[in-house]
Amino acid sequence: MWQIELSRQVDKFAKKENIKDDEILTLVKKVIDYSKGLDENIDVKKMKGKWKGYYRIKIGKIRMILGIDFKNKIAFIDKIDFIGDVYR
């Protein structure tokens, strides 16, 4: 069983933009399945530089940045925001 944690910023943005928690959880599950080699329709990429060790998910004009600890089965969603603002 995976443990999924949301930062305060993610929680605020999701409420403001009317994004349901189950939508976020579905995306995280797809990233985990994609990393296992399963064929998932998701735009995910490993980050570089200051965000090394994190993954980026594209959802239209929104970007989600999350860290995944596969050994301990923990996913932490650090940021979610629109394209220009997420990397700040």
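I worked on a predicted model, in which local features need pLDDT of at least 70, side-chain atom pairs count only at pLDDT 80 or more, and totals for chains, interfaces and linings use all residues. Residues are numbered from 1 along each chain as its sequence is written, and side-chain values use heavy atoms, with hydrogens and water left out.

Entry 1. I searched the whole structure for salt bridges (a side-chain nitrogen of Lys or Arg within 4 Å of a carboxyl oxygen of Asp or Glu) and found 4.

Entry 2. I looked up aspartate 11, which pairs with lysine 15 at 3.5 Å between the closest N and O atoms. Both residues lie in helix α1, 4 residues apart; helices (H or I, at least four residues) and strands (E, at least two) are DSSP runs, numbered from the N terminus. I noted lysine 15 as exposed because its relative accessibility is 63%; buried means under 20% relative accessible area, exposed over 50%, partly exposed in between (1.4 Å probe, protein chains only). Aspartate 11, at 30%, is partly exposed.

Entry 3. In helix α2, lysine 29 and aspartate 33 are also 4 residues apart, and their closest N and O atoms are 2.8 Å apart in a salt bridge. Aspartate 33 is buried at 11%.

Entry 4. I then examined the salt bridge of arginine 56 with aspartate 43, at 3.5 Å. The pair links strand β3 to strand β2, 13 residues apart. Arginine 56 is buried at 8%, whereas aspartate 43 is partly exposed at 36%. Shared partners join Asp43, Arg56 and Lys58 into one salt-bridge network.

Entry 5. Finally, I checked asparagine 18, in the loop between α1 and α2, and recorded it as exposed at 65%.
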